Amino acid sequence: SRLEPVARRRYVERTGIDVVPVCLQHRGTNWLRASADGLSAEGGRLVEIKCGESVYRKTAEARRVPRLYVGQVQHQLAVTGLEAADFFCHWPGLPDLLVTVARDEDYIARLLEAEQRLWEAVIAP
């Protein structure tokens with residue numbers, strides 16, 4: 001988290017899109033919430049920032065979001081309704097990585113079904 005503000009500035013410099021960290025809530029489902037590392041003022045651009053050496057290495061090797069973070073990004077897309085999100089990796093001394101992640105409706109449907117079951121188990125044990 002210490003490097004995240006630096007990474008956010010680098011993302012803004014690279015894309016020309018100003019983003020700020022936000023907490024979000026889905027318009028139709030009150031329990032469906034997300035914390036985003038960056039959202040543009042008009043709400044059309046979302047970025048998830050990672051600054052760890054391991055996630056940087058995995059992203060650089062595969063040129064895609066590591067499996068560990070797919071659910072997080074798809075959840076954010078479910079909350080926002082956006083069609084894509086940027087996954088931005090920063091590690092000092094290495095070139096920044098930017099991967100655009102498309103919305104996956106099938107994945108989101110399965111994810112929300114599991115999240116709904118969890119939510120029901122938490123509020124009505």
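Helices (H or I, at least four residues) and strands (E, at least two) are taken as DSSP runs and numbered from the N terminus. By this assignment the protein has four helices and five strands, which follow one another from the N terminus in the order α-β-β-β-α-α-β-β-α. The model is predicted, so that local features need pLDDT of at least 70 and side-chain atom pairs count only at pLDDT 80 or more, whereas totals for chains, interfaces and linings use all residues. Residues are numbered from 1 along each chain as its sequence is written, and side-chain values use heavy atoms, with hydrogens and water left out.

The five strands form an open sheet of mixed pairing in the order E1-E2-E3-E4-E5, where two strands pair if DSSP finds at least two bridges between them. Strand E1 (19-25) and strand E5 (97-102) stand at the edges with a single partner strand each, so one side of each is left without a neighbour in the sheet. Strands E2 (residues 33-40) and E3 (residues 46-50) run antiparallel and are joined by two bridges, with leucine 39 opposite leucine 46 in E3.

Helix H2 (residues 53-62) packs on the sheet, touching E3, strand E4 (84-89) and E5 (contact means heavy atoms within 4.5 Å), and its direction makes about 120 degrees with that of E4; axes are lines fitted to C-alpha atoms, for helices over the stretch in contact, and angles run from 0 to 180 degrees between N-to-C directions. Helix H3 (residues 67-80) lies across E1, E2, E3, E4 and E5, at about 155 degrees to E3.

Of the 125 residues of the protein, 40% count as buried, that is, under 20% relative accessible area with a 1.4 Å probe and protein chains only.

Terms used: Buried means under 20% relative accessible area, exposed over 50%, partly exposed in between (1.4 Å probe, protein chains only).
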